[in-house]
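Please read them with the coordinates open.

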Amino acid sequence: MSLDSAIGGVRAAVEGMTGLTRVYDDPPASLSEFPCAFVVASNGEMSDSGAGGIAFHTIAIEIYQSPNITAQAVDGAKVWPDRVFAALRSDPTLGGTITHIRWPITYQALGLQYNNAIHYGMRFLVTVKVLE
């Protein structure tokens, strides 16, 4: 288990959600398909227990609803907390890529800057435990 496989497990859960036009493997140069998402490392901590390594990785899921902050974008984004929660809850080890999810997960609904543009969307922070 590694950070890379943990990101892959979270990405696979996000890819299984309905309503997304695209889930990028890596953040693209520009966004043109909405709603879209990508999954990246945010922060974490690693330690050695003497019996092996323990890592807590916080992984960010960013869902971009629209290139503009409008009432339609705000209303359309309301589905994402329930869908992300259901996707992560349905497989607690994310296909064996992690030991478990550290609940709770958090989210923010906000204007997300991507390159030089502000897009309306949601950012989820998911902390996972990985034993090495």
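**Points on local geometry and burial**

1. L94 is buried, at a relative accessible area of 5%. The residue sits in the loop between helix 3 and strand 4, and its phi is near 50 degrees, a positive value in a residue that is not glycine. Bear in mind that this is a predicted model.

2. N115 also deserves a look: its phi is positive, about 55 degrees, though it is not a glycine. N115 belongs to the loop between strand 4 and strand 5. With 48% relative accessibility, N115 counts as partly exposed. As background, most residues other than glycine have a negative phi, and most peptide bonds are trans.

3. One runs from F34 to P35, with omega near -10 degrees; P35 is placed in the loop between strand 1 (22-24) and strand 2 (36-48). Another runs from W103 to P104, with omega near 5 degrees, and P104 lies in strand 4 (residues 100-114).

4. Beyond its neighbours within four places in sequence, K129 contacts I54, A55, F56, I98, T99 and H100.

5. A87, in helix 3 (residues 80-89), counts as buried because its relative accessibility is 14%, under the 20% cut-off. Not counting residues up to four places away in sequence, A87 touches A13 and M17. The C-alpha atoms of A87 and G16 are 7.3 Å apart, although the two residues are 71 residues apart in sequence.

Methods
Residues numbered from 1 in each chain as written. Predicted model: local features only at pLDDT ≥ 70, side-chain atom pairs only at ≥ 80, totals over all residues. Heavy atoms only, no water. Contact = heavy atoms within 4.5 Å. Helix = DSSP H or I, 4+ residues; strand = E, 2+ residues; numbered from the N terminus. Buried < 20%, exposed > 50% of the residue type's maximum accessible area, 1.4 Å probe, protein only.
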